[in-house]
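Here are some notes to keep beside you as you meet this structure for the first time. They go point by point, and you can follow each one in the 3D view.

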Amino acid sequence: MEDKKKVIFSGIQPSGNLTIGNYFGALKNWVKLQDKYDCYFCVVDLHAITVRQEPKDLRRRTLEVLAIYLAAGIDPEKNTIFIQSHVPTHSEAAWLLNCFTYVGELERMTQYKSKSKKYGAEGGTVSAGLLNYPVLMAADILLYNTDLVPVGKDQTQHIEITRDIAERFNNAYSPTFTLPEGYIPEDGAKIMDLQDPTKKMSKSSNNPNSYILIMDNPEVIRKKINRCVTDSLGKVRYADDQPGIKNLMNILSAITGMSHETIESKYENKGYAEFKNDTAEAIIKELTPIQNKVNELLGDKKYLEDIYKKGAEKAYYVSNKILRKMQKKIGFIPVSR
Ligand code: AMP
Ligand code: TRP
């Protein structure tokens with residue numbers, strides 16, 4: 001008999017336009033996983049509303065994120081691709097799991113601490129949703145008996161709390177959930193901010209020059225790379241004291257497959273201009289077909305609808321079985337409908 005494939009679950013929030021950080025750090029790796037694993041890729045719109053979203057932007061971005069998943073090469077025949085709010089089991093399981101989570105452990109999450117500080121400082125209020133964010137993420141993961149969760153390093157704390165909540169539930173009743181593990185890419189997959197290369201490139205940055213969007217046009221990409229912060233050493237070297245150059249080298253090698261040594265020797269005795277120029281052109285070459293495909297997909301709403309409907313059906317079927325188990329163990333009276 002064929003071994004059962006391990007389950008992978010991951011998601012991206014439609015809370016901003018996706019950057020090449022999301023592309024190289026997440027999407028490009030997901031594509032490589034789709035043959036070996038049983039993958040669920042979700043557009044996590046319920047997570048996005050933990051901070052206020054403009055309804056029309058949320059609608060547009062949710063479909064755009066879905067189209068980007070597909071355009072990046074995630075095959076809807078091989079994977080379950082869906083929109084989180086279409087599958088009500090996630091919200092239901094999140095409520096149940098909330099009752100197995102301590103306020104203190106949520107308050108200790110670094111993402112909560114930094115986001116609540118940021119919104120507080122901007123004069124905004126902090127929603128209970130922002131605090132409970134990791135519990136919804138735990139529901140996402142646990143509802144599919146997920147083995148591996150491919151995410152960036154910043155999400156490791158959320159995977160740890162997911163395991164803690166799962167263990168607590170398993171111990172309170174009987175084994176119910178698989179304990180998931182993070183599947184964290186090596187350092188090179190982390191794309192840094194173009195204006196401050198000691199920080200991660202983020203779609204929520206206030207300065208558009210600090211990131212490149214997957215949907216940025218060639219002119220904008222050239223300008224942003226041209227203006228990106230480097231150093232005055234003038235040598236293309238893969239070194240920690242040249243974080244800006246190191247970041248561009250990571251990007252160039254992620255696209256071309258060239259090793260850092262090859263890049264170093266190719267640009268030996270050449271200034272940064274040529275290196276920056278080639279990096280910009282490589283990014284443009286990588287993104288152009290994806291952008292064309294995204295635009296084509298966004299013009300075919302019926303096709304997108306077919307995909308997210310089918311994805312939601314499959315996701316509901318699988319997750320509902322686990323939700324029913326949870327409800328039964330807790331002591332709720334089952335009802336057949
Ligand atoms: P987020 O943009 O925070 O919703 O992240 C979605 C996914 O993209 C997560 O798996 C992140 O780890 C990944 N990601 C986001 N920004 C970067 C970046 N600058 N470099 C690498 N991966 C990233
Ligand atoms: N919190 C994740 C992020 O910001 C997104 C996310 C939500 C997620 N639910 C998930 C990632 C479940 C993996 C698995 O990157």
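1. A term to begin with: a polar contact is a pair of N or O atoms within 3.5 Å, where, within protein, one must be able to donate a hydrogen and the other to accept it. Please also keep in mind that you are looking at a predicted model.

2. With that in hand, turn to S10, which sits in strand β1, residues 7-12. A polar atom of the S10 side chain and the backbone oxygen of P150 are 2.8 Å apart. S10 is buried, because its relative accessible area is 3% and buried means under 20%. Beyond its neighbours within four places in sequence, S10 is in contact with W30, Y40, F41, C42, P150 and V151.

3. You will find Q84 in the loop that runs between β3 (80-83) and α4 (89-98). Is Q84 buried or exposed? Q84 counts as buried, with a relative accessibility of 0%. Its side chain has a polar atom 3.3 Å from the backbone nitrogen of D45. Once neighbours within four places in sequence are set aside, the contacts of Q84 include the run C42, V43, V44, D45, L46 and H47. H90, L136 and D140 are also among the contacts of Q84.

4. Next, the overall layout. The domain assignment gives domain 1 (7-188 + 300-330) and domain 2 (208-295). Between the C-alpha centres of domain 1 and domain 2 there are 30 Å. Where the two touch, 13 residues of domain 1 and 15 residues of domain 2 take part in the contact.

5. Do have a look at the second largest pocket, which holds about 390 Å³ of space. It is lined by 20 residues, and those closest to its centre are N29, K32, P185, E186 and A189. Which element supplies the largest share of the lining of the second largest pocket? That is α1, with eight residues. Each of domain 1 and domain 2 provides at least three residues of the lining. By class, the lining of this pocket has 11 nonpolar, six polar and three charged residues.

6. The volume of the largest cavity is about 50 Å³. Its lining consists of M109, Q111, Y112, K115, L130, Y133, P134 and H158. Helices α6 (110-121) and α7 (128-142) are the elements that give two or more residues to the lining of the largest cavity. Five nonpolar, two polar and one charged residues make up that lining.

7. Most residues other than glycine have a negative phi. N145, however, has a positive phi near 50 degrees. N145 belongs to the loop between α7 and β4 (148-149), and counts as partly exposed at 26% relative accessibility. N269, which is not a glycine either, has a positive phi of about 60 degrees. The loop between α11 (260-266) and α12 (272-298) holds N269. N269 is exposed, because its relative accessible area is 76% and exposed means over 50%.

Key
Residues are numbered from 1 along each chain as its sequence is written. Chains are lettered from A and ligands numbered from 1 in the order in which they are written. This is a predicted model: local features need pLDDT of at least 70, side-chain atom pairs count only at pLDDT 80 or more; totals for chains, interfaces and linings use all residues. Side-chain values use heavy atoms; hydrogens and water are left out. Helices (H or I, at least four residues) and strands (E, at least two) are DSSP runs, numbered from the N terminus. Buried means under 20% relative accessible area, exposed over 50%, partly exposed in between (1.4 Å probe, protein chains only). Contact means heavy atoms within 4.5 Å. On a 1 Å grid over the protein atoms alone, a cavity is a set of points where a 1.4 Å probe fits but cannot get out, and a pocket is an open set with protein on both sides within 12 Å along at least five of seven lines; lining residues have an atom within 4 Å of a point. Grid points are joined across faces, edges and corners, and a volume is the space filled by probe spheres set on the points. Ala, Val, Leu, Ile, Met, Phe, Trp, Tyr, Cys and Pro count as nonpolar, Asp, Glu, Lys and Arg as charged, and the others, Gly among them, as polar. Domain bounds come from an automatic or database domain assignment.
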